[in-house]
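Please look at the sequence and the 3D structure below before reading on. The report then goes through some local features one at a time.

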Amino acid sequence: MVLEGLGKSLNSALKRLFGASIIDEELVKELIKDLQRALLVADVDVSLVMAITDRVEKQALDENLPRGISRREHIIKVVWDTLAYFLGEKSVPLKIQPGKPNLVMMIGIQGSGKTTTVGKLARYYQKRGIKAGVICADNFRPGAYSQLKQLAERSNVPFYGDEKEKSAVKLAKQGFKEMKEKGVELILLDTSGRHREESGLIKEMKDIAKSVKPQEIVLVIDGTLGQQAGAQAAAFRDATDIGSIIVTKLDGSAKGGGALSAVAATQAPIKFIGTGEAMDAIEPFNPTKFAGRLLGMSDIKGLVEKVREAQIDVDEDAAMRMMKGQFSLTDMMNQLRQLKKMGPIGKVMEMLGLKYKLPEDIAEVQEENMHRWEVIMNSMTREELDEPKLIKSSRIKRIARGSGTSSAEVRALLKQYEQMKKMMKQYGKTRRGRRGGVPGIPGLPGM
Ligand SMILES: Nc1nc2c(ncn2[C@@H]2O[C@H](COP(=O)(O)OP(=O)(O)O)[C@@H](O)[C@H]2O)c(=O)[nH]1
Ligand SMILES: [Mg+2]
């Protein structure tokens with residue numbers, strides 16, 4: 001789990017809110033103290049901690065609550081938004097032009113996780129249909145060559161290296177040339193990071209960058225550095241304007257919160273985070289999602305409480321049915337409505353820990369589409385709602401006409417339905433497999 005310690009303490013700070021019968025100034029003050037403690041332990045800079053908690057305090061008791069939102073929800077949202085805000089902007093992934101040789105150079109001090117990250121990124125993009133390859137320009141550390149070579153072989157991506165070559169610049173040039181010849185689209189250049197201090201590191205970067213002209217330079221920072229990571233990020237940001245950052249080792253470190261917030265404070269974009277030694281332990285950095293996870297919104301307990309709060313009636317029979325794959329259009333709509341009561345669907349998905357099951361933006365799309373779907377479904381018969389398989393092209397035309405939409409829109413709804421049904425089934429399987437049943441939160445299978 002990423003930043004386990006910080007997550008736990010933030011979550012228990014929020015539990016105070018869930019547990020309290022009255023939410024007043026005093027409670028907010030206690031919450032603030034809890035937050036401060038949690039952030040300080042995670043090595044977040046003191047002035048940043050104050051800025052964060054000031055913002056929470058100011059907004060928490062704000063008189064004007066948005067309609068339909070309880071004070072509790074409002075405060076959670078404020079804490080959530082504030083953390084996300086201080087973790088920085090959502091940054092775009094690596095800029096890759098498909099079909100072209102895109103060179104991305106990795107720098108960072110020895111041990112920060114460059115080579116591992118090169119391996120992870122190659123795999124990450126390879127899986128997404130980009131032809132990736134790696135170059136070892138680390139002629140300094142013994143074993144660097146074979147380390148990367150093995151990673152490349154495991155992910156089945158082209159590798160270039162030459163153990164006898166002493167010049168990093170030559171290695172980079174030759175590697176770049178060979179990768180281009182192989183038609184590699186994402187060329188990841190691993191460097192040595194032999195210099196422990198910032199100025200040496202930056203000079204090394206410039207020497208190599210001059211000869212091969214990378215599209216992007218990525219600084220890999222060790223998350224266990226805590227707030228000290230800020231100094232490295234700032235020096236790097238000042239030295240290059242094609243730079244972005246990956247913070248590694250956020251799995252084990254108690255100080256990762258400090259590292260992330262300090263880097264974010266320099267305005268250097270954090271593109272990915274490393275969350276383990278395994279090759280798939282890398283993820284694009286999304287501050288909003290990340291903050292939600294830190295707040296423990298991916299834990300089931302928080303969800304149950306939230307469900308209770310939104311006073312959603314849970315229908316156990318329906319839930320069991322759905323997980324077995326008996327899932328009608330009406331069920332889908334009910335699910336969506338219930339989830340909507342609890343707030344943005346994407347956030348609820350996070351709570352359910354479903355981020356891996358859904359492509360990034362499906363959640364948002366669903367929310368946008370809900371209204372139109374309701375209109376379309378109003379033109380369907382009971383039978384069709386229960387048994388969408390019946391809806392073939394003549395019915396599609398009729399429904400489209402009746403609802404003032406197009407056949408394409410009706411088809412899109414049906415497609416979405418199929419997708420959800422499939423997901424629901426899969427979710428049912430894993431849940432049953434893992435826990436032998438779906439106790440606790442029926443009514444909310446993995447939409
Ligand atoms: N727990 C954890 N370990 C990591 C992560 N990234 C890298 N490491 C470990 O950190 C050590 C140094 O990594 P390496 O890639 O060789 O660093 P380099 O010297 O910058 O190339 C290795 O033992 C890696 O397994 C991460 O995200 N989490
Ligand atoms: Mg290395």
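The text below covers a helix, a strand with its partners, and some aromatic side chains.

This is a predicted model, in which local features need pLDDT of at least 70 and side-chain atom pairs count only at pLDDT 80 or more, while totals for chains, interfaces and linings use all residues. Residues are numbered from 1 along each chain as its sequence is written, chains are lettered from A and ligands numbered from 1 in the order in which they are written, and side-chain values use heavy atoms, with hydrogens and water left out.

Helices (H or I, at least four residues) and strands (E, at least two) are DSSP runs, numbered from the N terminus. Buried means under 20% relative accessible area, exposed over 50%, and partly exposed in between (1.4 Å probe, protein chains only).

**Helix α10.** Nine of the ten residues of α10 (residues 256-265) are buried, so the rest of the structure largely encloses this helix. Among the buried residues are Gly256, Leu260 and Val263. Just after α10, Gln267 has a positive phi of about 70°.

**Strand β2.** In β2 (residues 132-136), five of the five residues are buried, so this strand too is largely enclosed by the rest of the structure. In a regular strand, side chains alternate between the two faces of the sheet. Ala132, Val134 and Cys136 point one way from β2, and Gly133 and Ile135 point the other way. Two strands pair if DSSP finds at least two bridges between them. Strand β4 (residues 186-190) runs parallel to β2 and is joined to it by five bridges; Leu188 is the bridge partner of Val134 there. Strand β3 (residues 159-160) is also parallel to β2, with two bridges, and Tyr160 is the partner of Ile135.

**Aromatic side chains.** Rings of Phe, Tyr and Trp (its six-membered ring) pair if their centres lie within 6.5 Å; planes under 30 degrees apart count as stacked, over 60 as edge-to-face and the rest as tilted. The count is six aromatic pairs. Two edge-to-face pairs are listed here.

| Pair | Centre to centre | Angle between planes |
|---|---|---|
| Tyr125 and Phe272 | 6.2 Å | 80° |
| Phe285 and Phe290 | 5.4 Å | 65° |

Tyr125 lies in helix α5 (residues 114-127) and Phe272 in strand β7 (residues 270-274), so their pair ties together parts 147 residues apart in sequence. Tyr125 is buried, at 6% relative accessible area, and Phe272 is buried at 0%. Phe285 is buried at 2%, and Phe290 at 3%. Tyr124, Tyr125 and Phe272 form one aromatic cluster.
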